[in-house]
Amino acid sequence: VSIKHGHPQELLESVSIYDLTGKMVIQVLDIKQNELELNTSNLKAGNYLMKIKSRNQENDFTLTISSH
């Protein structure tokens, strides 16, 4: 999964992915870059909640993983 902040001057701080039970399955901290390539190959097919945090904002997204 490729993640890129929409504002070139904003840096990503953290990305967390949760399964639908609320269990955190992936967390990347202290990114300090504008984009991130995240390996999701260990996740089962299904829907997940992805929280992306930068210095000035936090956004939630639905992430759908299809079979690998």
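# Close-up views of a predicted model

**View 1. The side chains of H5 and S54 meet in a polar contact at 3.4 Å.** The model shown here and in the other views is predicted. H5 sits in the loop that connects strand 1 (2–4) with strand 2 (12–18). Its relative accessibility is 10%, and because buried residues are those under 20%, H5 counts as buried. Apart from neighbours within four places in sequence, the residues in contact with H5 are E10, L12, N34, S54 and Q57.

**View 2. P8 occupies the loop between strand 1 and strand 2.** H5 is placed in the loop between these strands too. P8 has a relative accessibility of 61% and counts as exposed, whereas H5, at 10%, counts as buried. Along the chain, P8 and N34 are 26 residues apart, yet 6.5 Å separates their C-alpha atoms.

**View 3. Four strands form an open sheet in the order 3-2-5-6.** The pairing in this sheet is antiparallel. Strand 3 (24–28) and strand 6 (58–65) are the edge strands, each pairing on one side only. From one strand to the next, the twist averages 20 degrees. In general, the strands of a sheet are paired through backbone hydrogen bonds.

**View 4. Strand 2 and strand 3 form a hairpin.** Between the two strands lie 5 residues. G22, in the turn, has a positive phi of about 95 degrees. The strands pair in the antiparallel sense over 4 bridges. Within this pairing, S16 has Q27 of strand 3 as its bridge partner. Strand 3 also has the highest confidence in the protein, with a mean of 97.

**View 5. Strand 2 and strand 5 (residues 46–54) run antiparallel and are joined by 6 bridges.** V15 has its bridge partner in strand 5, namely I52.

**View 6. S14 is a buried residue of strand 2.** The relative accessible area of S14 is 12%. Leaving out neighbours within four places in sequence, S14 is in contact with V28, L29 and I31, and also with K51, I52 and K53. K51, one of these contacts, takes part in the salt bridge of the next view.

**View 7. K51 and D60 form a salt bridge.** The closest N and O atoms of the pair are 3.5 Å apart. A search of the whole structure finds 1 salt bridge. Both residues are partly exposed: the relative accessible area is 24% for K51 and 45% for D60.

**View 8. Confidence of the prediction along the protein.** The average pLDDT is 92, and 99% of the residues score at least 70. Which strand has the lowest confidence, and which the highest? Strand 1 is lowest, with a mean of 89, and strand 3 is highest, at 97.

Terms used:
Residues numbered from 1 in each chain as written. Predicted model: local features only at pLDDT ≥ 70, side-chain atom pairs only at ≥ 80, totals over all residues. Heavy atoms only, no water. Buried < 20%, exposed > 50% of the residue type's maximum accessible area, 1.4 Å probe, protein only. Polar contact = N/O pair within 3.5 Å; in protein donor to acceptor, adjacent residues only side chain to side chain. Contact = heavy atoms within 4.5 Å. Salt bridge = Lys/Arg side-chain N within 4 Å of Asp/Glu carboxyl O. Pairing = 2+ DSSP bridges. Axes fitted to C-alpha atoms, helices over the stretch in contact; angles between N-to-C directions. pLDDT = per-residue confidence, 0-100.
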